[in-house]
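Have a look at the structure first, then read on.

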Amino acid sequence: MRKVKEQAVVPYSVNRPAEMPFWNEIVCGDSAELLKLIPDNSVDLVITSPPYFQQREYDGGGIGNERKPDEYISALMKIFQECVRVIKPTGSIVFNVGDKYEDSSLLLMPYRFAIAATEQCGVTLVNHVTWVKSNPTPRQFKRRLVSSTEPFFHFVKSQDYKYFLDEFLKPAEEPKANGNGTGENVGKKYFLLIEQSTLTPKQKEMARNALEEVIEEVRNGEIQGFRMKIRGIHSEPFGGQDGGRKIQLDKNGFTIIRIYGNPLKKDVITTPVESLKNCPHPAIYPVKIVDEFIKLLTEKGDVVLDPFVGSGSTAVAAFQNERVYIGFDISEEYCNYARKRLSSVKHQLSLWERSNAYAE
Ligand SMILES: C[S@@+](CC[C@H](N)C(=O)[O-])C[C@H]1O[C@@H](n2cnc3c(N)ncnc32)[C@H](O)[C@@H]1O
């Protein structure tokens, strides 16, 4: 007999504040106007990619077609100021701005924007995260290199911003228990090397005891792994902690380097440029990047706003992470596409849930 598993209550459908408009909606209009309808301190994350300076004419017009860089930055600042107003003190703003060549020289538009934002809007720039495009447009220039990076600027308006570092660029799998083999083999090679070394019997005994101790730490999951250096067998280390590894090596005949397994969280995201079949939008950013920022800066049920939502990438990432989305775009065509894209994602999810809801 097939049983239906209990469905989890979707948390974000129940916590809507009465005064909050556009809950899980894609809205067509000028974001300079629409943002005014959002209450102060009500949004957890604004993440967006405004039109780049003189890059292309979007369906619907809007920002990006100003004649001079200063005019473009001023237009962006009007929107940015509103973003600062609507985010909660615990919230964040992430802007992706692209650069542009004029007379063979880069305009440094992203940096002009970031400087204006910090100088005019009272925000702190937490990071400049670089998107490395693993598949940049393959163009050949004779006198310059192919641009293959774009910045994502992370701003906050208070130091109380939510931050979930462990969630950022989480490895797909938990790391292996240790870097020295698992189970019975942990450290086996080092026992052999201790025996083969020229250490005194007393030093060999100390080395074996220390090795057993560190193996136990690996087995208990206290550390990810370790490396051992034995005098006369391994190269000499360059000093380090615990009074200097070189001193330990001289005195005891061995030293142990513990690996704590916290991967460095660097300000780089490497991912390809995405393209969607039959998508009318010419410049979409990867859902993967939005996904990483959503996990880093928000919790389930939080509100994610994109004032230039285009094809809906931000809304898709928010929905998939069980966050509330609000998306604005000046183009009716892109709004319609974003709505269709979202309903297809929702449909796929409900099919998946239904197929998982039944158990023998
Ligand atoms: C770079 S695209 C955003 C693409 C989006 N990140 C995606 O992945 O599809 C910028 C968008 O801003 C929209 N836009 C330009 N000016 C606007 C304005 N004043 N208000 C709302 N949307 C605007 C354009 O129609 C365009 O879709």
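A crossing of two helices counts as right-handed if the near helix is turned clockwise from the far one by less than a right angle, and as left-handed if it is turned anticlockwise. By that rule, α7 and α8 cross in a right-handed way. Keep in mind that this is a predicted model.

**α7 and α8**
- Helix α7 covers residues 287–297 and helix α8 covers residues 313–320; their axes come within 9 Å and cross at roughly 50 degrees.
- Angles under 35 degrees count as roughly parallel and 65 to 115 as roughly perpendicular, and α7 and α8 are therefore oblique to each other.
- On the α7 side, the contact is made by Val287, Val290, Asp291 and Ile294, while α8 brings Ser313, Thr314, Val316, Ala317, Ala318 and Gln320.
- Sorted by class, the residues of this α7–α8 contact come out as 6 nonpolar, 3 polar and 1 charged.

**α2 and α3**
- Helix α2 (residues 69–86) packs on helix α3 (residues 109–120) at about 50 degrees, and the axes are 10 Å apart.
- That angle makes α2 oblique to α3.
- The α2/α3 crossing is right-handed.
- From α2 you get Pro69, Asp70, Tyr72, Ile73, Leu76, Met77, Phe80 and Gln81, meeting Met109, Arg112, Phe113, Ala116, Ala117 and Gln120 of α3.
- The tally for the contact of α2 with α3 is 10 nonpolar, 2 polar and 2 charged residues.

**α4 and α5**
- Helix α4 (residues 188–196) and helix α5 (residues 201–219) have axes 10 Å apart, at an angle of about 175 degrees.
- This makes α4 roughly antiparallel to α5.
- Tyr190, Phe191, Ile194 and Glu195 of α4 touch Lys204, Ala207, Arg208, Leu211, Glu212 and Ile215 of α5.
- The contact of α4 with α5 has no polar residues, with 6 nonpolar and 4 charged ones making it up.

**Around the ligand**
- The ligand is surrounded by 23 residues, and the closest are Ser31, His281, Ser311, Ser313 and Asp329.
- Ser311 has a polar side-chain atom 2.6 Å from an oxygen atom of the ligand.
- Ser313 likewise puts a polar side-chain atom 2.6 Å from a ligand oxygen atom, and Ser313 is also one of the α8 residues in the contact with α7.
- Ile63 comes in through its backbone: an N or O atom there lies 2.9 Å from a nitrogen atom of the ligand.

Definitions and conventions:
Residues are numbered from 1 along each chain as its sequence is written. This is a predicted model: local features need pLDDT of at least 70, side-chain atom pairs count only at pLDDT 80 or more; totals for chains, interfaces and linings use all residues. Side-chain values use heavy atoms; hydrogens and water are left out. Axes are lines fitted to C-alpha atoms, for helices over the stretch in contact, and angles run from 0 to 180 degrees between N-to-C directions. Helices (H or I, at least four residues) and strands (E, at least two) are DSSP runs, numbered from the N terminus. Angles under 35 degrees count as roughly parallel, over 145 as roughly antiparallel, 65 to 115 as roughly perpendicular and the rest as oblique. Contact means heavy atoms within 4.5 Å. Ala, Val, Leu, Ile, Met, Phe, Trp, Tyr, Cys and Pro count as nonpolar, Asp, Glu, Lys and Arg as charged, and the others, Gly among them, as polar. A residue is near a molecule or strand if one of its heavy atoms lies within 4 Å of it. A polar contact is a pair of N or O atoms within 3.5 Å; within protein, one must be able to donate a hydrogen and the other to accept it, and residues adjacent in sequence count only if both atoms are side-chain atoms.
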